[in-house]
Amino acid sequence: MVKITDVARRAGVSPSTVSYALSGKRPISDATRRRVQAAARELGYRTDDGGRFRSGARAKVLALAVPMRPGIHVPVVTQFAVSVVTAARARDHDVLLLTQGEGDEGIGRVTETGLADGVIVTDVQLQDPRLPLLRSCSLPSVLIGVPAEADGLTCVDLDFRAAGELCVDHLAGLGHRTVALVGSPPEVYMRRTAFARRLVEGFTAAAGRHGLASAALPCGTGRDAARAVAERLLRDLPALTAVVVHNEPLVDPLIEAFEQLGMRVPGDLSLTAVCPAPVAAAARVPVTSVAVPAAELGARAVHLLIRKLSGAPVPGTTLLPPRLTERASTAPRGH
């Protein structure tokens with residue numbers, strides 16, 4: 001069975017370019033279109049319009065694209081996957097997992113083979129390389145995440161910019177004047193992952209609005225990374241009294257590192273996090289947090305995709321408002 005990726009390799013272009021060239025949905029140069037058409041003829045490739053996969057029946061399967069890239073925290077991926085599977089099964093659909101790390105080959109393969117009726121896409125980047133194919137192909141899609149240009153797409157996510165602002169607003173309200181963000185691993189920012197970048201934007205905007213001294217640093221995982229970032233923050237910001245953590249595995253290691261450096265939580269340092277509620281509640285000092293609602297996001301994505309499959313109208317972008325739960329890790333400055 002010839003796939004769109006086979007044609008792309010033969011023609012020396014991307015799968016999305018093959019889709020554009022054969023569907024006519026986007027302007028493609030004549031030379032490229034002829035090269036793609038020639039490759040398709042040589043390989044015996046035919047699209048749905050040629051009748052190859054047009055059966056009229058649905059597969060009752062939803063694809064879930066969860067690329068396993070550097071910096072991905074597997075427990076979070078698992079939470080999203082479980083929530084999507086649970087919601088899909090409640091609607092009599094199975095789930096096909098796509099874990100290819102980069103590019104759009106997995107989505108292209110599912111589109112051309114008819115293995116799934118639609119796809120839910122995670123780990124969305126601001127300029128995501130999968131978007132051209134998602135916009136041009138016939139496979140309905142929903143993104144958990146919002147790219148820089150979301151026109152023509154269906155997206156759902158936590159409002160991460162508002163989450164960053166909410167954490168800083170809470171700390172400023174407690175009288176803290178110097179705050180830091182300990183963020184995701186560096187590779188997450190290098191990929192311009194949408195949720196991570198937007199949280200930094202919200203943190204920075206709120207710190208500026210309140211007139212706070214601030215810094216934002218990426219950080220890897222593990223105790224050594226936590227100790228290194230804690231030491232750097234105390235060296236660069238000696239008046240530091242508040243930290244926002246957007247790196248789930250670092251919550252406990254950071255509390256431990258600051259305590260080893262003589263900063264008690266919350267006596268000397270207030271700490272908030274954007275992470276799943278169970279992680280915050282189970283920390284060595286229960287952490288004030290904005291919850292990442294993985295179960296709700298997965299269920300919303302499935303609901304939107306099922307509506308699209310039925311032909312019902314859906315909103316372009318749905319942002320869930322952040323909710324902050326106060327726990328023992330934050331206190332007024334100087335408490």
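**Entry 1: a starting pair**

Before going on, I wrote down the ground rules. This is a predicted model, in which local features need pLDDT of at least 70 and side-chain atom pairs count only at pLDDT 80 or more, while totals for chains, interfaces and linings use all residues. Residues are numbered from 1 along each chain as its sequence is written, and side-chain values use heavy atoms, with hydrogens and water left out.

**Entry 2: the whole chain**

I looked up the overall make-up next. The protein chain has 13 helices and twelve strands. Helices (H or I, at least four residues) and strands (E, at least two) are DSSP runs, numbered from the N terminus. Along the principal axes, the C-alpha atoms fill a box of roughly 75 × 40 × 35 Å. Of the 335 residues, 50% are buried.

I also checked how far along the sequence the contacts reach, contact meaning heavy atoms within 4.5 Å. Among contacts with a separation of 6 or more, 73% are between residues 24 or more positions apart.

Then I followed the pairing, where two strands pair if DSSP finds at least two bridges between them. β1 runs parallel to β2 (residues 94–98), and five bridges join them. β1 also runs parallel to β3 (residues 118–121), here with four bridges. One partner I noted in β3 is G118, which bridges to L62.

V61 counts as buried because its relative accessibility is 15%. V61 and D94 are 33 residues apart in sequence, yet their C-alpha atoms are 4.7 Å apart in space. Leaving aside neighbours within four places in sequence, V61 has contacts that include H93, V95, L115 and D117.

**Entry 3: the parallel sheet**

Stepping back, I traced an open sheet of six strands in the order β2-β1-β3-β4-β5-β11, with parallel pairing. β2 and β11 (317–320) stand at its edges with a single partner strand each, so one side of each has no neighbour in the sheet. From one strand to the next the twist averages 20°.

Helix α5 (residues 105–113) lies across β1, β2 and β3 at about 140° to β2. For these angles, axes are lines fitted to C-alpha atoms, for helices over the stretch in contact, and angles run from 0 to 180 degrees between N-to-C directions.

**Entry 4: the mixed sheet**

I traced another open sheet of six strands, in the order β7-β6-β8-β9-β10-β12, and its pairing is mixed. Its edge strands are β7 (213–217) and β12 (324–325), each pairing on one side only. Inside it, β9 (residues 270–275) and β10 (residues 288–291) pair in the parallel sense over four bridges, and V274 has V290 of β10 as its bridge partner.

Helix α7 (residues 160–173) lies across β6, β8 (242–245), β9, β10 and β12, at about 165° to β9. Helix α9 (residues 194–210) lies across β6, β7, β8 and β9, at about 175° to β6.

Beyond its neighbours within four places in sequence, T178 touches A213, L237, A239, L240, T241 and A242.

**Entry 5: two crossing helices**

Last, I looked at α1 (residues 4–11) and α3 (residues 30–43), whose axes come within 9 Å and cross at roughly 120°. That makes α1 oblique to α3, since angles under 35 degrees count as roughly parallel, over 145 as roughly antiparallel, 65 to 115 as roughly perpendicular and the rest as oblique. The contact is made by D6, V7, R10 and A11 of α1 with R35, V36, A39, A40, E42 and L43 of α3.

How values were computed
Buried means under 20% relative accessible area, exposed over 50%, partly exposed in between (1.4 Å probe, protein chains only).
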